[in-house]
Amino acid sequence: SSSAESKPATKGGGWGSDMSVRAFLIDLNGMLPPCVLPERGDVVQSVGPSGGVTIKLASNWKVTDGKINFRIASADASPKRFEVRAENGTGGIFVNGTELQGEARHQLKSGDTILSGTTPAQARFRFSITAGDVVQGGLSAYGEKRKEPAEHREELLARLWSERKFHDVVVRCADQEIRAHRGVLATASPVFSAMLSGSMREVVEREVRMDEYQPPDVAAMLEYMYTGRLSSTCDKVSVLGLADQYELHALAQDCAAAMLRAMAEDNAVATIRAMRPYRDREHLRPLWMAMWKCFQALLSQEAVFNDCVDSI
C-alpha cells in the first residue's frame, strides 16, 4: 500500500533515525509491515503474521510463505549490498520481471521489485534503501577519494618543487641555478624572509647567491623546505650547517637524527666533531646528549679510543 511505502520502518521508528539500517523490503500487497534488512551481526525478530516473514540469520535470511521461497544475503560489509536468489534453486522468483535461473543471484538496487510465484499477486516486495543510507553511502565514497588537508598540502608542495612552474627567484651556487618560489622560501626560513623583503639586492635582482655551498647541499635544503623530506643521499653534516645558518630547525633536527642513527666505530669521532658546534642550540640539545652518550659507549672500543687519541 502507499502508506506502507511512504513510511518504512527502521529500528528507531523513522527515516534515518538509525543510520545503521541499511535497507528493507516493502510488501506491495500491504499484508506485512516493512521488513528491515539487518546489519551483519544484529539479531532481528520475525515480523508480520505467523508464517509471514521469518528472519533466519542476521546477514542471510529467508522469506517463506506459501510459494514465497527466496533468500537475501549481504554481499559485503561496507558499503552494504544485498543479493537475492531462489532458495535451493527452486525457481519462480522474479526480479523486475526477470526470473532467476537456478542458483543465479541478483544484486539488488533500491527500487527493485521481487515477485514470488507464477502470478504477481501471490507475493510482491520492493527492495528499498533509506534516504539517510543513500547519504551515508555517498559520503563514504566521497571520503574514500577525498584527500586529507595535510595530504593535499604535501602533494601540492611536492609538485611545486618538482615542476618549478611560475618560479620567481633563482638560487645560484657554483655554476648552477635552482629555480624556486619566494613565498615558499620566505615562509620556511626567517633568514630568507629578510633577504627577500624590502629593497634588498635579492629582491631587486630576484636572485640569491650561495656560491660558498655545494649545489647538492643547497638543493637538499630547498627540497626540504618544499616537501619536509630529507634526501637520503645528501651530506647530512653540510646540510646541517645550511639549516643552522638559515634557521631551519626541523631540518637541523632531521640531519642530526640521521647522524645519530649512523653513528658507528668508524665515524664516531668525526660525528661528534661535526655536531659539537651546534651542541648549545636548544632544538638540538637532546640529540647532542644522545650522541654524546653513544660516543661514550663506543669509546670503550679500542678503534674509537685510538681514533680519538690521534685526533688530539
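This note goes through the predicted model of one protein chain, point by point.

1. Basis. The model is predicted, so local features are given only at pLDDT of at least 70 and side-chain atom pairs only at pLDDT 80 or more, while totals for chains, interfaces and linings use all residues. Residues are numbered from 1 along each chain as its sequence is written, and side-chain values use heavy atoms, with hydrogens and water left out.

2. Overall make-up. The protein chain has 12 helices and 13 strands; these are DSSP runs numbered from the N terminus, with helices (H or I) of at least four residues and strands (E) of at least two. Of its 312 residues, 38% are buried. Buried means under 20% relative accessible area, exposed means over 50%, and partly exposed lies in between (1.4 Å probe, protein chains only).

3. Surface and contacts. Among contacts (heavy atoms within 4.5 Å) between residues at least 6 apart in sequence, 46% join residues at least 24 apart.

4. The largest nonpolar core. A nonpolar core is a set of buried Ala, Val, Leu, Ile, Met, Phe, Trp, Tyr and Cys residues joined through side-chain atoms within 4.5 Å. The largest one holds 47 residues, of which Leu185, Phe192, Met210, Val218, Met221 and Leu222 touch the most other members. Helix α7 gives the most to this core, with 7 residues. A second, separate core has 11 residues, including Val84, Leu100, Leu108 and Phe127.

5. Leu185. Neighbours within four places in sequence aside, Leu185 is in contact with Val169, Val171, Ala180, Phe192, Leu196, Leu222, Met225 and Tyr226.

6. Asp217. This residue lies in helix α7 (residues 215-227). Asp217 is buried and has no salt bridge; Lys236, the nearest side chain of opposite charge, is 9.2 Å away. For charge, Lys and Arg count as positive and Asp and Glu as negative, while His and the chain ends are not counted. Apart from neighbours within four places in sequence, Asp217 is in contact with Asp235, Ser238, Val239 and Leu242.

7. Helix α10. Because 6 of the 8 residues of α10 (residues 268-275) are buried, this helix is largely enclosed by the rest of the structure. The buried residues are Ala268, Val269, Thr271, Ile272, Ala274 and Met275.

8. Salt bridges. A salt bridge is a side-chain nitrogen of Lys or Arg within 4 Å of a carboxyl oxygen of Asp or Glu, and by this rule there are 12. Asp168 and Arg182 form one, at 3.7 Å from N to O. This pair links distant parts of the chain, 14 residues apart: Asp168 is in the loop between α3 (149-163) and β11 (169-173), and Arg182 is in helix α4 (residues 182-188). Asp168 is partly exposed at 26% relative accessible area, and Arg182 is partly exposed at 23%.

9. Other charged pairs. In the salt bridge of Arg201 with Glu202, the closest N and O atoms are 3.3 Å apart; Arg201 is partly exposed at 36% relative accessibility, whereas Glu202 is buried at 10%. Arg285 and Asp280 form another, with the closest N and O atoms 3.8 Å apart. Here Arg285 is partly exposed at 36% and Asp280 is exposed at 61%. A network of salt bridges links Arg172, Glu177, Glu207, Arg209 and Asp211.
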